[in-house]
Amino acid sequence: MNPPALVITALEKRYARFALGPIHLTVPSGVIYGLIGPNGAGKTTLLDQIFGIGMPDAGSIRVSGRDHRQDEVAIKQRTAYAGPDLSYVSWGKVGRAIRFVRGFHPGWDEGLATRLMQSFGLSEGDRIATLSFGGRMKLALLLAMAWRPDFLVLDEPTTGLDAHAKKALFSELLAIVRDDARTVLLSSHQITDLERFADHVSVLHRGRLLLEGPTAELMERHLQVEYEGGLPIQIPGLTILAQEGSRCRAIVDTQVLPLTRLVSHGAQNLRSQALTLEELFLALTS
Ligand SMILES: Nc1ncnc2c1ncn2[C@@H]1O[C@H](COP(=O)(O)OP(=O)(O)OP(=O)(O)O)[C@@H](O)[C@H]1O
């Protein structure tokens with residue numbers, strides 16, 4: 001069996017006004033893993049540490065069993081990174097950027113590069129400086145994906161993409177994990193996309209992981225409930241969203257607090273319903 005694509009242990013990174021961690025996180029190989037979090041939650045900081053942009057203050061990162069300090073070169077030979085902040089403007093035209101990056105990578109897949117060019121609507125002769133924001137994101141994605149890295153780290157890859165490009169991107173990402181058991185870790189504010197396409201998700205809030213696991217399992221175990229009876233707000237597994245008189249609306253993590261136990265705590269006229277990932281995210285991070 002393959003080792004996990006990523007194992008993060010007790011990772012910490014501190015800035016003057018922000019602290020990330022300690023983070024413990026395992027990303028199995030062969031999955032799309034989605035990282036969500038409000039603005040400023042620390043997603044880019046975390047992805048930067050994983051890709052080796054900057055050094056953590058504490059903790060360890062292992063990519064496919066390799067230590068990020070001792071095996072940095074081996075990790076970077078197998079890991080690609082793309083995000084909205086990368087700029088390829090100085091390379092002039094799209095074709096020149098592609099030829100430059102292709103030269104570093106023996107595994108460059110010409111067929112995949114051509115397919116991505118077509119589905120992203122890019123041409124070799126396009127000037128990078130005059131590409132739209134979405135166009136530059138597409139180029140960054142193409143350059144990261146076409147050499148078929150084992151581990152693809154994408155910081156907000158759907159930023160600026162139209163619906164067609166987003167569809168093409170996710171269809172390629174699904175093929176990457178399905179066909180070759182390679183791994184994709186991406187952050188996004190498009191929670192509906194992640195609910196649909198990510199096998200695993202985690203929620204980062206104020207530098208800490210609030211929730212983590214297989215998407216289907218997380219969605220199954222969290223329910224929105226309405227009940228009567230003023231239960232103490234601190235019951236583990238219960239997040240009160242609103243209270244009006246004796247009537248409460250809350251989120252229940254049924255793994256921690258089965259509904260039967262909620263009833264035995266005094267909840268009456270209990271009604272429960274499934275949540276979307278976006279609703280769960282909003283409830284947990286408000
Ligand atoms: N180099 C730095 N020096 C000081 N503070 C920083 C630095 N980089 C990031 N921060 C701070 O760390 C916090 C987390 O930023 P980060 O970019 O990781 O958040 P994010 O979750 O990616 O946010 P967004 O969704 O808005 O992109 C912010 O408060 C930011 O100001």
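Across which strands does helix α5 lie, and at about what angle to β6 does it run?

1. Helix α5 (residues 133-145) lies across β6 and β7, and its direction is at about 180° to that of β6. Axes here are lines fitted to C-alpha atoms, for helices over the stretch in contact, with angles running from 0 to 180 degrees between N-to-C directions; contact between two residues requires C-beta atoms, placed from the backbone, within 7 Å. Helices (H or I, at least four residues) and strands (E, at least two) are DSSP runs, numbered from the N terminus.

2. The model is a predicted one, in which local features need pLDDT of at least 70 and side-chain atom pairs count only at pLDDT 80 or more, whereas totals for chains, interfaces and linings use all residues. Residues are numbered from 1 along each chain as its sequence is written.

3. The open sheet consists of 6 strands in the order β6-β7-β8-β3-β9-β10, with mixed pairing (two strands pair if DSSP finds at least two bridges between them). Because β6 (79-82) and β10 (208-214) each have a single partner strand, they stand at the edges, and one side of each is left without a neighbour in the sheet. On average, neighbouring strands of this sheet are turned by 15° against each other, direction ignored.

4. Within that sheet, β3 and β9 pair in the parallel sense over 4 bridges, and L35 has S202 in β9 as its bridge partner. Helix α6 (residues 163-180) lies across β3, β7 and β8 (183-187), running at about 145° to β8.

5. F151 belongs to strand β7 (residues 151-155) and is buried, with 21 other C-beta atoms within 10 Å; the term applies at 20 or more such atoms, while 12 or fewer make a residue exposed and values in between partly exposed. Leaving aside residues up to four places away in sequence, F151 touches A5, V63, S64, R78, T79 and T183. Its C-alpha atom is separated by 8.7 Å from that of Y81, 70 residues apart along the chain.

6. In helix α10 (residues 277-285) the buried residues are L277, L280 and F281. They lie on the same side of α10 because they cover an arc of only 100° around the axis, the arc being that of the directions from the helix axis to the C-beta atoms. Among the elements covering these residues are β3 (32-36), α7 (191-197) and β9 (200-205).

7. The shell around the ligand includes Y15, F18, N39 and K43, a residue being near a molecule if its C-beta atom, placed from the backbone, lies within 6 Å of it. Helix α1 (residues 43-51) contributes the largest share of this shell, 3 residues.
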